[in-house]
Amino acid sequence: MGILKKAAAEVNKEYNLDPKIADAISKAADDVISGKLYNDHFPLIIWQTGSGTQTHMNVNEVKYISIVIANRAIEILGGELGSKKPVHPNDHVNMSQSSNDTFPTAMHIAVALEIHKVLIPGLEELHKALNKKAGEWKDIIKIGRTHTQDAVPLTLGQEFSGYAAQVEYGIKRIKDTLPRLYQLALGGTAVGTGLNTKKGFSEKAVARIAQLTGLPFVPAPNKFEALAAHDAIVEVHGAFNTVAVSLMKAAAIAKYAHKEKLTLKESALKHGITAEQFDEWVKPEQMLGPK
């Protein structure tokens, strides 16, 4: 939300917002972006309206005399905290905006940033590590499992190559959702019509957000869809869920690969086959692929 408010203030300066006020809002937004004002000045529970109005108003103005953007901007300009002068939370900080377009925009920005900064780098490191182990363990023969019991052999490297592929596909699935996530609702205001904005505000503000984040955000081509639905977030969640299932499956297999902790030979001996018979009949190195 801090990034959004900073971008909006800088663009609104082009639309007759007093430059001193715009600059103060921009500086105050920097304190939100950095986290300096976050812990002590956002005393809200997670349960809110669908539009996130509580959080949006908290960002704009003052809750329990907490310094958020308007109050921090007033402080920067030497005014009296809580006076709403010379910076007004609605007329200035919220200029050309509504909870209905800012909150979806902030959600998209937050999710996209976390995907790029945390999730994808983490998954890429995991993929690299799994690929490395697949190579290191390519000659270690183990027993495969199917239908909850020992099956035919494969190498440990082959097994881990499967885990690596799951992570690789998961990264691609997440990246495939990003084009819709990059579409921002900002400029649609209350219902998607853009009422109370200026022509060009959406395009300029979103372009500034793209500059601030380094991500290719664009104005949503249909603001009505962008305000009324969160399908892009649902799509991202689906990709996250797939990755989570992949990782849980790999972890479960690794943990419970052999329920009785027996090798194939030990299991065979337990069921009455002699060691000589096993060595004669079972050649694991010849059972690792098609002939």
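How many helices and strands does the secondary structure of the protein chain come to? The count is 13 helices and four strands, taken as DSSP runs numbered from the N terminus (helices are H or I, at least four residues; strands are E, at least two). This is a predicted model, with local features needing pLDDT of at least 70 and side-chain atom pairs pLDDT 80 or more, while totals for chains, interfaces and linings use all residues. Residues are numbered from 1 along each chain as its sequence is written, and side-chain values use heavy atoms, leaving out hydrogens and water.

Of the chain's 291 residues, 41% count as buried, that is, under 20% relative accessible area with a 1.4 Å probe, protein chains only. Helix H5, residues 69-76, is mostly covered, with six of its eight residues buried: Ile69, Ala70, Asn71, Arg72, Ala73 and Ile74. Just past H5 comes Gly78, with a positive phi of about 85°.

On the H1 side, Gly2, Ile3, Lys5, Lys6, Ala9 and Glu10 meet Ala22, Ile25, Ser26, Ala29, Asp30, Val32 and Ile33 of H2, contact meaning heavy atoms within 4.5 Å.

Note on methods
Buried means under 20% relative accessible area, exposed over 50%, partly exposed in between (1.4 Å probe, protein chains only).
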